[in-house]
Amino acid sequence: MNTPIIIVEHLSKVYKSDLFETVALADISFEVKKGEFLAIMGPSGSGKSTLMHILGGLDQPSSGKYILDGKNVESLSDDDLADIRNRKIGFVFQAFNLLPRTTTLKNVMLPMTYAGIPREKREAIAQKYLEMVGLGDRLSHTTNQISGGQQQRVAIARALSLDPAIILADEPTGNIASAQAEEIMEIFKDINEKGHTIIMITHEPDIASHAKRIITMKDGKIVNDVQNNKEIRYQHKH
Amino acid sequence: MELSEIISESFSSLTLNKLRTGLAMLGIVIGIGSVIALISLGQATQASISSRIESLGSNLLTVNPGSSNQGAVRGASGSRTTLTLEDASAILVAPEITSVKTVSPEFSRRIQIVTGSKNTNTQVVGSSPSYSEVHKLEIATGNFVTQSDVEGMSKVAVLGPQVVTDLFGEGADPLGQTIRISGKTFTVVGVTVSKGGSGFGNLDDIVYVPISTAQKQLFGVNYLSSIALEAKTADLMTTAQNEVGYFLLARHKLSDPAEADFSIFSQQDILNTASATTSTFTTLLSGVAAISLLVGGIGIMNIMLVTVTERIREIGLRKALGAKKKTIIAQFLTEAIILTFIGGIIGIILGILTSYVISKLTGSLFVVSPGSVILAFAVSVVIGIVFGWYPAKKASDLQPIEALRYE
Ligand SMILES: Nc1ncnc2c1ncn2[C@@H]1O[C@H](COP(=O)(O)OP(=O)(O)O)[C@@H](O)[C@H]1O
Ligand SMILES: [Mg+2]
């Protein structure tokens, strides 16, 4: 349980345009151990999403080192990285990113298609996870026929479907009513108890309070990194 | 990922975006269809002009009186009276002429024809039975001028369908009726099958009478206006032209070909001129076809590129969820292939149908050249596949998040 699954050293990300440079991440270093439940907080524009994309293998840092489960991500081939994104990481995008005009079931099945899981099995698993996020009655609705909150839950079901070791969630409850948000947090805590590592961005203290560790970012830097023990109290308050 | 999975993914992607799929397919259908239709229109025109000319008689040589050399107007060489019936008979029996199959002596002149209250000014052609063979003339009812008609100087006439219409009314049966030419009464014994054509050269506006009757009873001449010859084969046309030319020079006691008092034209000369004209026409149509292929190609390219923004995001998402580069390229390539092949086949069918309808409407021949089908199909398929594949390749080279954010 105590081996770090994620090691980040001196990580920077600079966006360059013709006129100016934006430093989204400025020399960040931290570790995440297997089985942690980590919340990242911080004002808008502080670089949370940028960090998450790099952790998810969706983007490359400008400089610094990222070691994922003992492997230096920089040295991985394109195909290996694709496999990691597919099998090891479940990503919940801030903007959901579902296939348009496609049913919720198919959306959840998509990563499993790339994992080579046979069709019947894919369907059964997708259905299971959609039921888990409360969309058991929306299997054949297309993404434009459901609400934003429902889309976000489809994205969560999709991230969970291949039972990945790491869940990266960018504001997973941003569009969800608080009662349902609590349900999602219960699901996250559940899978976290089974040993999955969870990193979640949120700007809501209530949601962050479910995590065992909270990192706070500002201007591309980590300004605070604390263990969180207040969870029980928050739960009783609501 | 297995091929079957890739194909099913491609199909569901194509059916999901019906408008995009439909527009891309439309571009391909129009590109291919119009090229096939245009090229077959060109070829049908060319074929029908050639067949029209061949229907005048194949392997046909025509001997005309008078010199072809306009400058030589001395003695008999400028005269129009140098060919006789005896020349024609001599050509037929001469042992040194081996390449000629049939000889048709002819005398023709325009004259007024009357029946009852109606009259018409038309071409009267004095002919022998060989005329119908040499000129590929077919008889609709009755019979053509016979040998005994020629020998007996009978006053019989065979009418072209236009003459029947002019004198007796459309679709009338004139057999056994009489017509008056130059004050003499002729009995109608046959009607020819229509050959088409119109105006001055209308091959249906002709009255055929025995050559002997024409020369002696109608026009009082002892010369011919032309002798038509049919060579045994197309390859023997030049030989026949030479054999007959030298034979007639000798018969007319002329030693220098430059002094010839006749000239010989070959059907081939006319055919060559005509096919030069029609091939210009075909080149023109091919140019139009090439332009429409280009426009169709740009259409295909456009629709493929216009939808690319949405597709780049889709590619970013697929990559983010674990698709490998080769899987994405395989899927997009499969989509492009399915799209262009289905569109291509519809285009081919539509192109052929259009050609068929055009041929029915204009009464021209129905020709579809396999070359045009292959060309149109190949060009559209290549454009469709390249422009389906290339953006996919570019997008799959991006970081997933860059592709997802693409605008
Ligand atoms: N693709 C990009 N190009 C240029 N600048 C970007 C890009 N993505 C993010 N940024 C900038 O980087 C900074 C961090 O953005 P982000 O990671 O999205 O912040 P957060 O998720 O914390 O709101 C912001 O200033 C943002 O404007
Ligand atoms: Mg963000």
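Predicted model: local features only at pLDDT ≥ 70, side-chain atom pairs only at ≥ 80, totals over all residues.
Now select the helices on the chain A side. α2 (78–88), α3 (104–114) and α4 (119–132) of chain A each supply at least two residues of the side that touches chain B. Of these, α2(A) gives the most, with 6 residues. Colour that side of chain A by residue class and you will find 11 nonpolar, 7 polar and 10 charged residues.

Next, show every residue that takes part in the interface. On one side there are 28 residues of chain A, and they are in contact with 26 residues of chain B. The area buried between chain A and chain B is about 2,400 Å². Carbon and sulfur atoms give 54% of that buried area.

Which side chain of chain B meets Asp79(A) in a salt bridge? Select Asp79(A) and Lys326(B) together: their side chains pair up, with 3.1 Å from N to O. Side chains of opposite charge can pair when their charged atoms come close. Between chain A and chain B the count is 4 salt bridges.

**Moving to ligand 1**

Now centre the view on ligand 1 and show the residues around it. Among them are Tyr15(A), Thr22(A), Ala24(A) and Pro43(A), together with Arg405(B). Keep both chain colours on here, because residues from chains A and B surround ligand 1 and the site is therefore shared between chains. By class, the shell around ligand 1 divides into 3 nonpolar, 7 polar and 2 charged residues.

- Gly45(A): a backbone N or O atom lies 2.7 Å from an oxygen atom of ligand 1.
- Lys48(A): a backbone N or O atom lies 2.9 Å from an oxygen atom of ligand 1.
- Thr50(A): here a polar side-chain atom lies 2.5 Å from an oxygen atom of ligand 1.

On its own, ligand 1 has 560 Å² of accessible area, and the protein covers 64% of it.

Glu36(A) lies in the loop between β2 and β3 (37–41) of chain A, while Arg213(A) lies in strand β9 (residues 213–218) of chain A, so the pair ties together parts that are 177 residues apart in sequence. Over all chains, the count comes to 20 salt bridges.

Finish at Val223(A), in strand β10 (residues 221–227) of chain A. Which residues does Val223(A) touch, not counting those up to four places away in sequence? Select Thr216(A), Met217(A) and Lys218(A) to see them. Then draw a distance from the C-alpha atom of Val223(A) to that of Leu11(A): the two are 212 residues apart along the chain and separated by 15 Å.

Technical notes. Residues numbered from 1 in each chain as written. Chains lettered and ligands numbered in written order. Heavy atoms only, no water. Near = heavy atom within 4 Å. Polar contact = N/O pair within 3.5 Å; in protein donor to acceptor, adjacent residues only side chain to side chain. Areas by Shrake-Rupley, 256 points an atom, 1.4 Å probe, with all protein chains shown as cover. Nonpolar A, V, L, I, M, F, W, Y, C, P; charged D, E, K, R; others polar. Contact = heavy atoms within 4.5 Å. Buried area = accessible area lost by both parts, 1.4 Å probe. Helix = DSSP H or I, 4+ residues; strand = E, 2+ residues; numbered from the N terminus.
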